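Thanks for coming. Please look at the model on the screen while I talk.

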Amino acid sequence: MITRQVLALTGNAAVAFALKQINPDVVAAYPITPQTTIMEEFSQYVANGEVDTELVRVESEHSAMSASIGAAAAGARTITSTSSQGLALMWEELYIASGLRLPIVLVNVNRSLSAPINIHCDHSDSMGARDSGWIQIFCENAQEAYDMTIIAVKLAEDKRVRLPVMINYDGFIISHSIDRVEILSDEKVQQFIGEYKPEFSLLDRNNPVTMGAFDSLGGFYYEYKKIQCEAIDNSLQVMQEIFDSFELISHRQYRTVEKEMIDDAEIIFVIAGSFCGSIREKINEYRSRGIKTGLVKVRSFRPFPDNSYREILKNAKAVLIFDRSTTPGAKGGPLYIEILGSLYGVEKPPEVFNFIYGLGGRDLELDEIDKSLEITEKALRGEVVDRVHWISLKKKEV
Amino acid sequence: MKRWEIKKVLEREIESLPQGVTIPEAGTSENYITGTWRTFKPVIDFEKCTQCLFCFIFCPDSSIEVDNGKVVGVDLKHCKGCGICAAECPRNAISMIEEREEG
């Protein structure tokens, strides 16, 4: 029997609540919109003595990640959070955290990058960090943000993984909207994450270690990178195991690639984040009109579940990939390019189209989703259409 | 304290590297000889030296050797010859001598 306790929480409040239940040893963070309210609420838990956490109020995100690395190297369960420019300022430390295999959890509330300055959501910040060696998980709503924050701790600390984990969810739409969130009891959360036993600790005077040593020509930098790549590849299976054990305590099922209405789908939409809801709504409508559409929701972006995407998408007639960030100078958004790679070599591959949407918080209107389907149907009828479309541009109708 | 043998470390392969580049011993930088980078070396004139220990405090490589609270010399295995000690010495007791002049 599961007793369900439901709260009305914003995404950020849900994550702050998860942090309270996790009770990390160290949290080092710097405020930035739209992440701020996580730390605002969490610092109240600290002030009220509801957690034992050492909250380090650093002077920048560069310091937030540096302090997190120090804390994690000392063997502390460490969590931080940021957004946008904050994540950008953490950039050089992100690589150090993953290279040193420190299980730090970072909650990144997705926001666009300047210029022009904009505080609203897109995925440019996390996509900019996609090659930093961090595990990256995307969430659709406050419930997932809550669940994934708890899951991230267990995943990062798993002996087979020992990598930092970045949880991503959409700024404002998830972070600041009140949503229905089912919470677990404190005991269940503690039982699930268990006690953290670090491999090494800089504070262990009886077993002194050197971390971050110089390793240059003639050394093993090349080998370490290979080991790191294997570790993040292997984390995919561990992630699924942890999702499965989380299901036992929550009755909420997660997959490294989430799929809905896929079995007979001829046209498949792929998207990450909060706009899954709009797409799902549209898919239901299309299905009622007899158009066999399906949804693939991005859960793990790093590691990228290459085989799963290939298996799910290979028999479709068309795949519509919605990217909430761009890769200027490349052929399309990062998700599009990634999936094109997954489909390479497939016999009779589907037609693949890329729709750039939602940059700087731009709404994705339902009729724009219709437009993406129209473009696809045109192509399926044999008309020549562009591969990459910016579907929400304000422009003169031709 | 256990020590890694540098020669044996270099014989390692991908299968035997510690996770996260964490070396299970401390102070490994001692094994890394940086003295060869030097062009000028500090020479202390103990006639002028007042044992203020400024050089010891300022040295970025902990290369000023101190014994019993007194400066006794320079660790030339690690001193990179940056000259900070010479610049900071209030009595100008440290001069930077070009290595080759010594022969």
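I will start with the domains and then turn to one strand.

This is a predicted model, where local features need pLDDT of at least 70, side-chain atom pairs count only at pLDDT 80 or more, and totals for chains, interfaces and linings use all residues. Residues are numbered from 1 along each chain as its sequence is written, chains are lettered from A and ligands numbered from 1 in the order in which they are written, and side-chain values use heavy atoms, without hydrogens and water.

Chain A has domain 1 (5–199 + 213–250) and domain 2 (259–390), with bounds from an automatic or database domain assignment. Their centres, taken over C-alpha atoms, are 27 Å apart. Between them, domain 1 and domain 2 of chain A bury about 2,000 Å², 57% of it on carbon and sulfur atoms; buried area is the accessible area (1.4 Å probe) that two parts lose on being put together, summed over both. On the domain 1 side, A:Arg130, A:Phe138 and A:Glu140 supply 30% of the area buried against domain 2, more than any other three residues.

Now the strand, β11 of chain A, residues 293–298; strands are DSSP runs of E, at least two residues, and helices runs of H or I, at least four, numbered from the N terminus. In β11(A), 6 of 6 residues are buried, meaning under 20% relative accessible area (1.4 Å probe, protein chains only). A:Thr293, A:Leu295 and A:Lys297 point one way, and A:Gly294, A:Val296 and A:Val298 the other.

Which way does β10(A) run against β11(A), parallel or antiparallel? They run parallel, joined by 5 bridges.

Terms used. Buried means under 20% relative accessible area, exposed over 50%, partly exposed in between (1.4 Å probe, protein chains only). Two strands pair if DSSP finds at least two bridges between them.
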